[in-house]
Amino acid sequence: MLRHTSLFIYLSGLVISAMLQASPLTQVVKGRVVDAQTRAGLVGANVMVVGTELGAATDMQGDFRIERVPLGRHSLKIMYMGYQSRILPELLVNSGKQVEVTVALEEEILQGEEIIVTPEIDKNRPLNTMSTVSARSFSVEEAQRYAGGFDDPARLASSFAGITYGNAQDNAIIIRGNAPKGLLWRLEGIEIGNPNHFPDGNVLGGGLFTIFSSQLLADSDFMTGAFTAEYGNALSGVFDMKLRNGNSDRREWTMQTGLMGLDFAAEGPFSPNSNASYLMNYRYSTIGLLTDLNAIDTDQELNYQDFSFKLNFPTLRAGTFSLWGIGSSDRPVEVEQTDSTQWEHEWDRLKYEANFRVGATGLNHKYILGRSTFINSTVAFTAEDVGYDLERLDDDLTLYPNEYIDSYNGKLVLTSTLNHKFSPRLSTSSGFVWNHLFYDMKLKSTVDDVPKTYQTFVDEKGNSRHLQAFTQAQVAFSNHLKVNAGLHLEYFLLNKNTSLEPRLGLNWNINDHHLLSIGYGLHSQMENIRYYLAQRQTGNGVDRPNLNLGFTRAHHIILGYDFQISRNTRLKIEPYYQYLYDVPVRPGDFFSFINLKDERYLNDSLVNEGTGTNLGIDFTLEKFLSNQFYYLFTASLFDSKYKGGDGIERNSRYNRNVVVNALFGREFILKQNNIFGVNLRFTYMGGERISPVLRSASLAARRVIYDESRAFEKSLNASKYLDITLTYRLNHRNITHTLVLQIKNCLSSANDYGYVYNYQKQELTRDRMAIVLPSISYKVEF
């Protein structure tokens, strides 16, 4: 009897196992449908999976849930009476994690007139509904899929029109000829400092890669000029990052290992009876770990780590509270070459140790008042802590101090925004940002590496305030014509500088295939506080010559034409003009903040008398992912000029004149549940500008000396890169494995950095370096 029972159980197990393997793998797709202006949930909206009979209706909170969605790529169609329909195209459904989306619908102006936003237009619609021109939303999935992205939003942005970057080892974003420092970074609506590992290492505003983990990011906005009144303290663009909420239904885990780092992420509900959720990720440097374990024989250390989280607490009547945070810690170390006969370049005689710490945390509250008003408030704290000690071997092999930074910048932030929709035709948004600044800074350096010139450039501890306020209104004359107008106010208490900035934008949908837009904005930006606090010794003691330095300001004018060639292909053309004025310059010579790259130690007297122009046109031809194929072609032609303190018009440092990107991708469905992806990207950028070299003077001084009277006359060699990303995604029941190979500059093209003095040859040589960045990673989600 027992033998027959055991046989029955065994055969039953085989049958059940076979049935499970034969049944198709499915996943849950869920989310919320909201009003685009008020963020209130829409009750009874219909959500359908295109090409299937699957769908659901939203509940009293606007939430929907669709069970048993087959794995693969699917499009969602969302419809609601009186609102413009939307289609979210090509969502990736895996077995390891549920898919969650938030869909914002805009109310129709003329009831009964059906306006269906096609996938190609909807794909790049900015999350900020007030944005009109030069704005694009991007997804985390794009950062992972696009070649050269390296899961880094900053590197992904370099594939967009109008964007250039310095080199393969730096992710500084150069927008339409502006210095990288002109970009505003925001996280959860809060302005943050440079959010990169090894920040400002090569270029002020850049780094190796951002501290944002792809495990936590939600779809975010990237703007490249004439941005709306909500955004201030920026000259070139805005990167408005968002963190997603953790899954409130079930616990999910992600582990990833690769050359770029070891990641561990967890998310899920706090309890089965609550909609509250948590989401967190920790990353540690793979190279740093191998160095710590002596698996790599090197005198250089490159340790970095970061941690990020978001806790979400929705309530029935008091709105939604969320606590979020992000932080990083980096420690690069380099030792000097003590044998002078082995010196080849200046770097060989340098010894340094640095510590970089960046962090931000905030408590956010979102409250929907009635059906027409939405209040979003945050109290936050951000901090940047930099320790840097660089010493240089003199010719007698004695180490002398060369550069020293001990800098702490903190900021307590209180911000609140009130959005109100008076009618489908009129909505407004008004708010303020109150920043209380803390600083404790010490900066010392030599001049031209001469030990006896070692001096203090900044030594100050104190606090100040930076205040911003804005109001803007969007008027929809019809479903086809919308105008957005607003004002932004900025005030810096340290020197009582004020800026009042008008903004204006217009969108005109001529028909289903043609869209015209225009944007204008006056924008301003305060400089890094170290430049205001710079000091120098005079006969009367310590003088701070730049304490009253004003804002740099710029007028932006942008035209846009969007042609919908087919359902999945579009052409976008954007001519633009930017006029910068009140730029800090040094009286009587070429120097201007327009060209800032790595100039940290400045105590010369500066005046706001410089100007600059950026004139160009951007082209984007894009086929969105459909039928397992996509491409993106961008080209930018531009001319960037400036006038320094001597009033002479010159090329700016970042006047590369031309940049072209060509990106192609293809996905192959293997064994029904698995996807193999191939992505190639080719980039061509004109060379960065440098000044001619004074050869005789350089050889005599054994360092490169430039002819500043002919600043930025010469152009370095153009940069050419080919990047490749190969992805294989394997799905099993409740688990997804992803193997990724990424190679940046796989053809080993040399980047031109200018000139260096070669100690071995006792001659000036071209500083060319071919940097290939390979990365292989394995990720498991379950």
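These legends describe close-up views of strands in a predicted model.

**View A. The open sheet β4-β1-β7.** Three strands make up this open sheet, ordered β4-β1-β7, with mixed pairing. The edge positions are held by β4 (63-70) and β7 (99-105); each has a single partner strand, so one side of each is left without a neighbour in the sheet. On average, and with direction ignored, neighbouring strands of the sheet are turned by 25° against each other.

**View B. Pairing of β1 with β4.** Strand β1 covers residues 26-35 and runs antiparallel to β4, with six bridges between the two. One of the residues involved is K30, whose bridge partner in β4 is R65.

**View C. Burial of strand β12.** Strand β12 spans residues 183-187, and five of its five residues are buried, so the strand is largely enclosed by the rest of the structure. In a regular strand, side chains alternate between the two faces of the sheet. Here L183, W185 and L187 point one way, while L184 and R186 point the other way, and all are buried.

**View D. Parallel pairing of β12 with β15.** Five bridges link β12 to strand β15 (residues 237-241) in the parallel sense. Within this pairing, V238 of β15 stands opposite L184.

**View E. The β12-β13 hairpin.** Strand β13 (residues 190-192) pairs with β12 in the antiparallel sense over three bridges. L187 has I190 of β13 as its bridge partner. The two strands, β12 and β13, form a hairpin with two residues between them, and E188 in the turn has a positive phi of about 55°.

Terms used:
Residues numbered from 1 in each chain as written. Predicted model: local features only at pLDDT ≥ 70, side-chain atom pairs only at ≥ 80, totals over all residues. Heavy atoms only, no water. Pairing = 2+ DSSP bridges. Helix = DSSP H or I, 4+ residues; strand = E, 2+ residues; numbered from the N terminus. Axes fitted to C-alpha atoms, helices over the stretch in contact; angles between N-to-C directions. Buried < 20%, exposed > 50% of the residue type's maximum accessible area, 1.4 Å probe, protein only.
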